[in-house]
Amino acid sequence: MSALLQVASVAKAFGGNKVLQDVNLKIGAGEIVGLLGPNGSGKSTLLNTITGFEAADHGHIVYEGQRIEKLPPHRIVRTGIARTFQLPSMPKKMSVIEVAMAAATRAHGVGATLLGTPGAREAERQARNKATALLDQLLLMPVRDLAASALSGGQKKLLGIVCALMAEPRMLMLDEPTAGVHPNLRRDIVNALQKLNAGGMTLVIVEHDMHFIREVCTRCVVLDRGHIIASCRPDELAANERVLQAYLGGGAAHSTEREAA
Ligand SMILES: Nc1ncnc2c1ncn2[C@@H]1O[C@H](COP(=O)(O)OP(=O)(O)OP(=O)(O)O)[C@@H](O)[C@H]1O
């Protein structure tokens, strides 16, 4: 497999807590990779390290041939990797569409829209059009003028996806996109992600919901105490001894994860 993203020998510790230990991972273009593991196994930290929100202590990360492990988050977005957060926080005084448009400004460089030049006005027009199309795709048009902070938890997750997509990424990393989301909205998220992948986008998804994993992912990567212990198809998880041991032996795993075993 030629890798779009390669994580090589990455380690990360917080004080004495070795959260990632010698993590090696390749992700190919067009894959939908589910990143699994018991609570505290290092999934979000791995996402944070790839997207520049945490600095790796050791190792390197290559995206489309470019070393990115020392880049700040906004520069990593511009290489083509965007992400969503487990608990998206929204500004109090901005509407849904304004939040989406601001994400375009962050992704493509701040300042231009403040100048009021014809070029800036054109950039704003394009951002509004793009935001409108994405809000439509993610079913948020009915709430586009509401305060973003007033959205439900599930709608905030959808808006988080819209904001990530404003950067026009080729790889999208999602941190628990369906946690706490109503089944109807969950279906919308599944549909949206499958459509994005059909359009060529590579997806990496941290998720505990095994139904979601089985339905959406082409491959699963399992972390346990900072080590990758498995990389397999979703239907192979239940027969993987190391995965069973990680979940059943851990005690802190979610019930849906136990169901996987
Ligand atoms: N900024 C931080 N400072 C200190 N410790 C941290 C920090 N971020 C994460 N940790 C610790 O790293 C470990 C792994 O956390 P992480 O959030 O990566 O796990 P996870 O696999 O995503 O867990 P969950 O499934 O519960 O979300 C935990 O022990 C956590 O307390």
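1. A quick convention before we look around: two strands are taken to pair if DSSP finds at least two bridges between them. Helices (H or I, at least four residues) and strands (E, at least two) are DSSP runs, numbered from the N terminus. This is a predicted model, in which local features need pLDDT of at least 70, side-chain atom pairs count only at pLDDT 80 or more, and totals for chains, interfaces and linings use all residues. Residues are numbered from 1 along each chain as its sequence is written.

2. Now the overall picture. The protein chain holds 9 helices and 10 strands. Take the contacts (C-beta atoms, placed from the backbone, within 7 Å) between residues at least 6 apart in sequence: 66% of them join residues at least 24 apart.

3. Strand β3 (residues 32-36) pairs with β9 (residues 219-224) in the parallel sense, over 4 bridges, and Leu-35 sits opposite Val-221 of β9. On the β10 side the two strands run antiparallel, joined by 5 bridges; Asp-224 has His-227 in β10 as its bridge partner. β9 and β10 make a hairpin with 2 residues between them, and Arg-225 in the turn has a positive phi of about 45 degrees.

4. A further open sheet, of 4 strands, is antiparallel and ordered β2-β1-β4-β5. Because β2 and β5 (66-67) stand at its edges with a single partner strand each, one side of each is left without a neighbour in the sheet. Strand β1 (residues 3-14) and β2 are joined by 8 bridges in the antiparallel sense, with Lys-12 opposite Leu-20 of β2. Helix α1 packs on this sheet, touching β1, β2 and β4 (58-63), and its direction makes about 65 degrees with that of β2.

5. After α1 comes Gly-52, with a positive phi near 85 degrees.

6. Finally, the ligand. Which residues are around it? They are Phe-14, Asn-17, Val-19, Gly-37, Asn-39, Gly-40, Ser-41, Gly-42, Lys-43, Ser-44 and Thr-45, each with its C-beta atom, placed from the backbone, within 6 Å of the molecule. The shell divides into 2 nonpolar, 8 polar and 1 charged, where Ala, Val, Leu, Ile, Met, Phe, Trp, Tyr, Cys and Pro count as nonpolar, Asp, Glu, Lys and Arg as charged, and the others, Gly among them, as polar. β2 (17-28) and α1 each supply at least two residues of the shell, and α1 gives the most, with 3 residues.

Conventions
Contact = placed C-beta atoms within 7 Å. Axes fitted to C-alpha atoms, helices over the stretch in contact; angles between N-to-C directions.
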